[in-house]
Amino acid sequence: MIRLLFLVTGIIVLSQSSHAIEFNKYHNLKFIQKYLTEVAERYDHISYKYLGRSVMGREIGLLEMTKSKSRNAPVIYINSTHHGNEQSATEAALGIIDYFARFHDRPNINRFLKRYRILIHPVVNPDGFVKGSRFAVGGIDPNRDYPHPRNNEGTFRLPETRLVSKVLAENRVVGSLTLHSGIEAILWPWCFSDKKSPHEWEFKTIGRAVAETMGIKLFIQSYHDYQSEGEYIDYAYMKYGTYALTVEVDGVPKAKAEKLPEIVRKSVAGTIAFIQSLDQILLRNEVPKRKEISTAH
Ligand SMILES: [Zn+2]
């Protein structure tokens, strides 16, 4: 009898935890991993994809959300937590998953899911996340580990960034957001150079739409916020012509837990604005050609 009760209670707990997250506290890696597999089991339009392991052997995976039957459907790829201490950005990614899971029948979300394959990779750097550190093992900054147009050496030292590059290589990623937290800003390529990219107008159009929706004042080419080499957005744009933007969701890496519902709300709204704006840009233009980008810097 005791055993039966335990069983029944267990099922109730499982069914409650499988489809909702309360954003009143930070979630640990064990919870996140469990949530990803449970939400994929619960919803027909969601599947969990195992990507690989971190330096310390921690599992890294992402969710695919789509109602498209076509494997060639264009892909929107959202990743978060390159920097393990920026845990407001991790919660933002979980919030986006939660929204696109529970509200998949709302007209705009339903339309996005029919048109795109949406990939959400909430924890790029689980080793840093567990330690609350910006860096991966060996003190390597994952968001300085990518090639850019003037540097191809000493990059992809980490399995974590190689897994990100695999996602880009294996999918037709037309738009991407990489979530961070530490300032409030929307940033786009180039990071390594002060030269405008050939798609400055498109980046600015999309970046403004996201920033205004999120109530963020700073939207600018990344270099003009701070110059840096080896960032994800430069690589995704350089190599695949992806409209890739950095979204810095809050002014500090780990905001007070009371602020999480607001961070999640504006990150969801910003993601919806991003897809809407990207849709408009893609109606006007083809995806940028690699040649066009590589000859212009
Ligand atoms: Zn960061």
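Reply: Happy to! Let's start with helix α6: the cover over its buried residues includes β2, β3, β4, β5 and α8 (232-240). Contact here means that two C-beta atoms, placed from the backbone, lie within 7 Å. Helices (H or I, at least four residues) and strands (E, at least two) are DSSP runs, numbered from the N terminus. Please keep in mind that this is a predicted model, where local features need pLDDT of at least 70, side-chain atom pairs count only at pLDDT 80 or more, and totals for chains, interfaces and linings use all residues. Residues are numbered from 1 along each chain as its sequence is written.

Helix α6 spans residues 159-170, 12 residues in total. From first C-alpha to last, α6 reaches 16 Å, close to the 16 Å expected at 1.5 Å a residue (that is, 1.5 Å times one less than the number of residues).

Which residues of α6 are buried? They are Glu 160, Thr 161, Val 164, Val 167 and Leu 168. Because these cover an arc of only 105° around the axis, they lie on the same side of α6; the arc is that of the directions from the helix axis to the C-beta atoms. The face turned away from that buried side carries Ala 169 and Glu 170, which are exposed. A residue counts as buried if 20 or more other C-beta atoms lie within 10 Å of its own, exposed if 12 or fewer, and partly exposed in between, with C-beta atoms placed from the backbone.

As for the strands, an open sheet of 8 has the order β1-β2-β4-β3-β5-β8-β6-β7, with mixed pairing (two strands pair if DSSP finds at least two bridges between them). Its edge strands are β1 (46-53) and β7 (218-221), each pairing on one side only.
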